[in-house]
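This report goes through the sheets, helices and a few single residues of one protein model. Please keep the sequence and the structure in view while reading.

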Amino acid sequence: MRASLIQISVDEGESVESRRARVASLVREQAGAADLVVLPELWTTGAFAYEAFAEEAEPLEGPTHEAMAKAASDAGVWLHAGSIPERDPDGPLYNTSLVFSPSGERVAVYRKIHRFGFDKGEAVLMGAGRELVTVRLPDTTVGLATCYDLRFPELFRGLVDAGAETLVLSAGWPERRRAHWTLLAQARAVENQAFVLACGTAGTHAGVLQAGHSIVVDPWGEVLGEAGPGEEVLTVDLDPAKVAATREQFPALKDRVLGRR
């Protein structure tokens, strides 16, 4: 299985409409080059552009949904389309991830569970998701997470209990905490004996420099590929069979005592 993580630059000088069209083009370029394509968190607005959330929020089946469904179909890829600020007509805003099949069908929706900001920003502007979400691909089961979720290992344990073998995370992670990004991505891979595909953004969100350095880690914690700080497409080959082989060779998950379902 080949995965491409599209590390998009989100800068204030580019309109949402222009970026949406540009990203759709980048996805289409992966036709024949990748099976799974992953985009970062809140790439339409910028993860730290809190003041734009309400203005740029869109319904679940809004313009980003339409553009990404078409791009996935055109490219013939599974597409984790990152996340958007979703306006729920019956509730609050949500930080919502969308996943599309190679036919352009929406197959999963994940509303971010852990909201960042403590007593400000996303934590007060958006509602919290409540459900863990996995998606069955032909070669692997994918578990979905978003940015700040990376700091909560119990979420990933829950995804593994639900059958996840590949953990896919979209993020808008700041440069000042980049060391944590790399450390936690490897930790989630090792402790869950799963692949981790973590796609971040480049550029600056509302004055906050982004870390970039999207990363792919295998079930032993080995880094298979890592992007630089700028806009980049990181493409990595994965062997899905390595998850079962690792869990059989070093069956630590079988020795769990606390929190076992």
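Two strands count as paired if DSSP finds at least two bridges between them. The model described here is predicted.

## Strands and sheets

Strand 13 (residues 215-217) and strand 14 (residues 223-226) are a simple case to begin with: they pair in the antiparallel sense over 3 bridges. Isoleucine 215 has glutamate 226 in strand 14 as its bridge partner. The two strands make a hairpin with 5 residues between them. In the turn, glycine 221 has a positive phi of about 90°.

Strands of a sheet pair through backbone hydrogen bonds, either parallel or antiparallel. Mixed pairing is found in an open sheet of 6 strands, whose order is 6-5-4-3-1-15. Strand 6 and strand 15 (232-237) stand at the edges of this sheet, and because each has a single partner strand, one side of each is left without a neighbour in the sheet. From one strand to the next, the twist averages 25°. Within the order, strand 1 (residues 2-7) and strand 3 (residues 36-38) run parallel and are joined by 3 bridges. Alanine 3 has leucine 36 in strand 3 as its bridge partner.

An open sheet of 3 strands, also with mixed pairing, has the order 2-11-12. Its edge strands are strand 2 (9-10) and strand 12 (208-209), each of which pairs on one side only. Strand 2 and strand 11 (residues 202-205) run parallel, with 2 bridges between them. Serine 9 is placed opposite alanine 202 in strand 11.

## Helix 3

How far apart are the end C-alpha atoms of helix 3? The helix has 13 residues (residues 63-75), and at 1.5 Å a residue these should span 18 Å; the end C-alpha atoms are 18 Å apart, so the two values agree. The expected span is 1.5 Å times one less than the number of residues.

Buried residues of helix 3 are Thr64, His65, Ala67, Met68, Ala69, Ala71, Ala72 and Ala75. An α-helix has 3.6 residues a turn, so residues three or four places apart point the same way. Among the elements that cover the buried residues of helix 3 are helix 1 (16-28), strand 4 (78-87), strand 5 (93-100) and strand 6 (106-111). After helix 3 comes glycine 76, with a positive phi near 70°.

## Helix 5 and helix 6

In helix 5 (residues 153-161), the buried residues are Leu155, Phe156, Gly158, Leu159 and Val160. Their cover includes strand 6, strand 7 (134-136), strand 8 (141-146), strand 9 (166-170), helix 6 (178-192) and helix 7 (241-249). Glycine 163 follows helix 5 and has a positive phi near 105°.

Two packed helices are described by the angle between their axes and the distance between the axes. The axes of helix 5 and helix 6 come within 10 Å and cross at roughly 40°. Helix 5 and helix 6 are therefore oblique to each other. The crossing of helix 5 past helix 6 is right-handed. On the side of helix 5 the contact is made by Pro153, Phe156, Arg157 and Val160, and on the side of helix 6 by Arg188, Glu191 and Asn192.

## Single residues

Where is glutamate 56 in the chain? Glutamate 56 is part of helix 2 (residues 53-56). Leaving aside neighbours within four places in sequence, glutamate 56 is in contact with Val16, Thr45 and Pro85. Its C-alpha atom is separated by 8.9 Å from that of glutamate 86, which is 30 residues apart from it along the chain.

Phenylalanine 118 and histidine 213 each lie in a loop. The loop of phenylalanine 118 is between strand 6 and helix 4 (122-125), while that of histidine 213 is between strand 12 and strand 13. Phenylalanine 118 has a positive phi near 60°, in a residue other than glycine. Histidine 213, which is not a glycine either, has a positive phi of about 55°.

The table gives the accessibility of these residues. The cut-offs are under 20% for buried and over 50% for exposed, with partly exposed in between.

| Residue | Relative accessibility | Class |
|---|---|---|
| Glutamate 56 | 27% | partly exposed |
| Phenylalanine 118 | 65% | exposed |
| Histidine 213 | 13% | buried |

Definitions and conventions. Residues are numbered from 1 along each chain as its sequence is written. This is a predicted model: local features need pLDDT of at least 70, side-chain atom pairs count only at pLDDT 80 or more; totals for chains, interfaces and linings use all residues. Side-chain values use heavy atoms; hydrogens and water are left out. Helices (H or I, at least four residues) and strands (E, at least two) are DSSP runs, numbered from the N terminus. Buried means under 20% relative accessible area, exposed over 50%, partly exposed in between (1.4 Å probe, protein chains only). Contact means heavy atoms within 4.5 Å. Axes are lines fitted to C-alpha atoms, for helices over the stretch in contact, and angles run from 0 to 180 degrees between N-to-C directions. Angles under 35 degrees count as roughly parallel, over 145 as roughly antiparallel, 65 to 115 as roughly perpendicular and the rest as oblique. A crossing is left-handed if the near helix is turned anticlockwise from the far one by less than a right angle, and right-handed if clockwise.
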